[in-house]
Amino acid sequence: MFCVRMRAREQPFPLFTDSKEPVSTKSRTRSKTRLSRALGIALTPKAAKYLEKRPYAPGEHGRTKRKQDSDYAVRLREKQRLRAQYGIREAQLKIQFEEARKAAGLTGENLVEQLEMRLDAILVRSAIARTTAQSRQMIVHRHILVDGQLVDRPSFRVKPGQLVHVKAKSEGMEIFQVAAAGGHVDVLPKTPGYLEVEIDKLQTRLVRRPKRAEVPVTCEVQLVVEYYAAR
């Protein structure tokens, strides 16, 4: 009998699985909460409440003071934080990084600004959706229009000047009635200046390209740049 030592590999987030088995709402919430505690950031309003009660990593040794992380581990965690806050796969983030690297300006700032113009992110920032998961559900179920045209891709990049709004036939649904009444406003970050929101009409306009300093994302983007640059 013998054992083979293998190089440690980055583990995927439990939520970003390709499995076709349905995931219950309770399981998804629990997974998001554990991931939030592991990364030290609140990924959903409900996770924020759990973090207030348990501001330490999950698991048996969550309260234990850990040894100092290596430079690689620090960069990896920042990349995971960014990826988790937008709920995207590794391949998607890498594609966005390559595009940001080739564009004029600072790569890290370009990366966050590009991600912020995703349709699913726009709905959350506008408080039309409470979470990224809910935002995606709205989009893939064909409830969202951009300049009057149906869009069912969460990754669709909204251009400055475009109007995002809920389809008229869908406005009467409870999920949208809650949003129109301002049900998510108090649990989400303040609406950033690059959006012009009319929440009672369930519509928002991207008035200009976001600036990194305005984007309510917790991440040292330079560490993300260094992570990919070293690979």
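Here are a few questions with their answers.

This is a predicted model, so to speak with pLDDT limits attached: local features need at least 70, side-chain atom pairs count only at 80 or more, and totals for chains, interfaces and linings use all residues. Residues are numbered from 1 along each chain as its sequence is written, and side-chain values use heavy atoms, with hydrogens and water left out.

Q: Why is Q134 called buried?
A: Buried means under 20% relative accessible area, with exposed over 50% and partly exposed in between (1.4 Å probe, protein chains only). Q134 has 18%, so it counts as buried. Q134 is found in helix α7 (residues 132–140); helices are DSSP runs of H or I with at least four residues, strands are E runs of at least two, and both are numbered from the N terminus.

Q: What is Q134 in contact with, leaving aside its neighbours within four places in sequence?
A: I128, A129, I175 and H184. Contact here means heavy atoms within 4.5 Å.

Q: What makes β2 and β4 edge strands?
A: Strands pair if DSSP finds at least two bridges between them. The open sheet of five strands runs β2-β1-β3-β5-β4, with antiparallel pairing. β2 (149–150) and β4 (195–198) each have a single partner strand, so one side of each is left without a neighbour in the sheet.

Q: How do you know that β4 pairs with β5?
A: The cut-off is at least two bridges, and four join β4 to β5 (residues 203–206), running antiparallel. E196, for one, has R205 as its bridge partner in β5. The two strands form a hairpin with four residues between them, and L202 in the turn has a positive phi of about 55°.

Q: Why are α5 and α9 called roughly perpendicular?
A: Axes are lines fitted to C-alpha atoms, for helices over the stretch in contact, and angles run from 0 to 180 degrees between N-to-C directions. Under 35 degrees is roughly parallel, over 145 roughly antiparallel, 65 to 115 roughly perpendicular, and the rest oblique. The axes of α5 (residues 107–116) and α9 cross at roughly 105° and come within 8 Å, so the pair is roughly perpendicular.

Q: Which residues make the contact of α5 with α9?
A: T107, G108, E109, L111 and V112 of α5 meet V221, V224 and V225 of α9. They divide into five nonpolar, two polar and one charged, where Ala, Val, Leu, Ile, Met, Phe, Trp, Tyr, Cys and Pro count as nonpolar, Asp, Glu, Lys and Arg as charged, and the others, Gly among them, as polar.
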